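Please load the model in a viewer and keep the selection tool at hand.

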Amino acid sequence: MVSVVQNVAIDCVDAYELARFWSRVTGRPQHPQDRPGDPETQVLLSEGGPVLYFTQVPEPKTIKNRIHLCLRPETSREREVERLLGIGAAFVSDHRNPDGSGWAVLADPEGNEFCVLRSDSDRAASGS
């Protein structure tokens, strides 16, 4: 017997708006019944797969995440970092190396950190 991941739960101050941001990040829809002001919302990552589940809590984030999402973009890592910054992410730290390896750490509008990895095309171009 094993357990299957149902969802990844993210505490937040504004569940609908944070789900809206992550919907834009992933290109996946919010649950069709979610509305502004809802205390719980979802982003459907794949049919039958886990979802991002946003739960409204009264307190803001105060420390570094112990779990975070790592994104592998379809485009280059550099283009994806720029796109995400344009839709409301904040730059946190740079772990990119001169040889192209590494990642960039960004934060969503409520300060939850996430990583942007190299894309498959970035990896193919560098041979690793």
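Two strands are treated as a pair if DSSP finds at least two bridges between them. The model is a predicted one.

Select residues 102–107 for β6 and residues 113–116 for β7. These two strands run antiparallel and are joined by 4 bridges. A107 has E113 in β7 as its bridge partner. Between the strands of this hairpin lie 5 residues, and G111 adopts a positive phi near 90°.

Next, display the side chains of β7. E113 and C115 point one way, F114 and V116 point the other way, and all are buried. In a regular strand, side chains alternate between the two faces of the sheet.

Then select β5, residues 90–96. β5 pairs with β6 in the antiparallel sense over 6 bridges, and A90 has A107 in β6 as its bridge partner.

With these strands shown together, which order do they take in the sheet? The order is β4-β7-β6-β5, in an open sheet of 4 strands with mixed pairing. β4 and β5 stand at the edges with a single partner strand each, so one side of each has no neighbour in the sheet. From one strand to the next, the twist averages 25°.

Finally, select residues 77–86, helix α2. This helix lies across β4, β5, β6 and β7, and runs at about 5° to β6.

Definitions and conventions:
Residues numbered from 1 in each chain as written. Predicted model: local features only at pLDDT ≥ 70, side-chain atom pairs only at ≥ 80, totals over all residues. Heavy atoms only, no water. Buried < 20%, exposed > 50% of the residue type's maximum accessible area, 1.4 Å probe, protein only. Axes fitted to C-alpha atoms, helices over the stretch in contact; angles between N-to-C directions. Contact = heavy atoms within 4.5 Å.
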